[in-house]
Amino acid sequence: MPRPAPKAPVRPPCQLSLFPETAALVRVDPAANCWRFSHLSLQPDLFGGTALVRQWGRIGTAGRQVCERHHDAGPARDAHARQLRARRRRGDRDRAAG
């Protein structure tokens, strides 16, 4: 009598965030000698608020970092979305995985 094929393990469903908390972007234009990166992330701070941490610079360098503190996650998400829109208007694209 043949054995039934083993069933694949069932994973519990995961909840995806409606508002992404991190974004890694790059802008590469060799003709303009433009090799830039930027990273935006939302992080909780020690005082119960949320901080928007922005990092940017030339690829291969440490770049610069600025931390904007917000009292609530809502304004921090709004600032994150504004920065993301501004970067994408300038030609930044999502960094490819890998």
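**Start at R54**

Select R54 and display its surroundings: leaving aside its neighbours within four places in sequence, R54 is in contact (heavy atoms within 4.5 Å) with H39, L40, R64, Q65, V66, E68 and Q83. The model is a predicted one, in which local features need pLDDT of at least 70 and side-chain atom pairs count only at pLDDT 80 or more, while totals for chains, interfaces and linings use all residues. Residues are numbered from 1 along each chain as its sequence is written, and side-chain values use heavy atoms, with hydrogens and water left out.

R54 belongs to strand β3, residues 50–58; strands here are DSSP runs of E with at least two residues, helices are runs of H or I with at least four, and both are numbered from the N terminus. With a relative accessible area of 15%, R54 is buried. The classes used throughout are buried for under 20% relative accessible area, exposed for over 50%, and partly exposed in between, with a 1.4 Å probe and protein chains only.

The side chains of R54 and E68 make a polar contact at 3.1 Å. That term denotes a pair of N or O atoms within 3.5 Å; within protein, one must be able to donate a hydrogen and the other to accept it, and residues adjacent in sequence count only if both atoms are side-chain atoms. The two side chains also meet in a salt bridge, 3.1 Å from N to O, a salt bridge being a side-chain nitrogen of Lys or Arg within 4 Å of a carboxyl oxygen of Asp or Glu. Because R54 lies in strand β3 and E68 in strand β4, the pair ties together parts that are 14 residues apart in sequence. E68 is partly exposed, at 23% relative accessibility.

**The β3–β4 hairpin**

Now colour β3 and β4 (residues 64–70), which run antiparallel and are joined by seven bridges. Select T50 to find its bridge partner in β4, H70. At the other end of the selection, five residues separate the two strands of this hairpin, and G60 in the turn has a positive phi of about 100 degrees.

**The whole sheet**

From the N terminus on, the elements follow the order β-β-β-β-α-β. The strands form an open sheet in the order β4-β3-β2-β1-β5, with antiparallel pairing; two strands pair if DSSP finds at least two bridges between them. The edge strands are β4 and β5, each pairing on one side only. In general, strands of a sheet pair through backbone hydrogen bonds, either parallel or antiparallel.

β1 and β5 pair in the antiparallel sense over two bridges, and L25 stands opposite D94 in β5.

**Two further salt bridges**

The chain has three salt bridges in total. Select D92 and R27, whose side chains meet in a salt bridge of 2.8 Å, N to O. D92 lies in the loop between α1 (73–89) and β5 (93–94) and R27 in strand β1, so this pair ties together parts that are 65 residues apart in sequence. D92 is buried, at a relative accessible area of 3%, whereas R27 is partly exposed at 23%.

Next select R88 and D94: this salt bridge has its closest N and O atoms 2.8 Å apart. R88 is partly exposed, with 36% relative accessibility.

Proceed to N33, in the loop between β1 and β2 (34–44). N33 has a positive phi of about 55 degrees although it is not a glycine. Most residues other than glycine have a negative phi. N33 is partly exposed, with a relative accessibility of 48%.

Then show the surface of V28, W35 and I59, which make a nonpolar patch of about 270 Å². Patches are made of residues with over 30% relative accessible area and no salt bridge, like charges being joined within 9 Å and nonpolar side chains (Val, Leu, Ile, Met, Phe, Trp, Tyr) within 5 Å. V28 lies in strand β1, residues 22–29, and is partly exposed at 46%.

**Last view: the entire chain**

Finish with the whole surface. The accessible surface of the chain comes to about 8,100 Å², of which 55% belongs to carbon and sulfur atoms. Areas come from the Shrake-Rupley method with a 1.4 Å probe; for residues, only the protein chains shown count as cover. Of the 98 residues, 22% count as buried.
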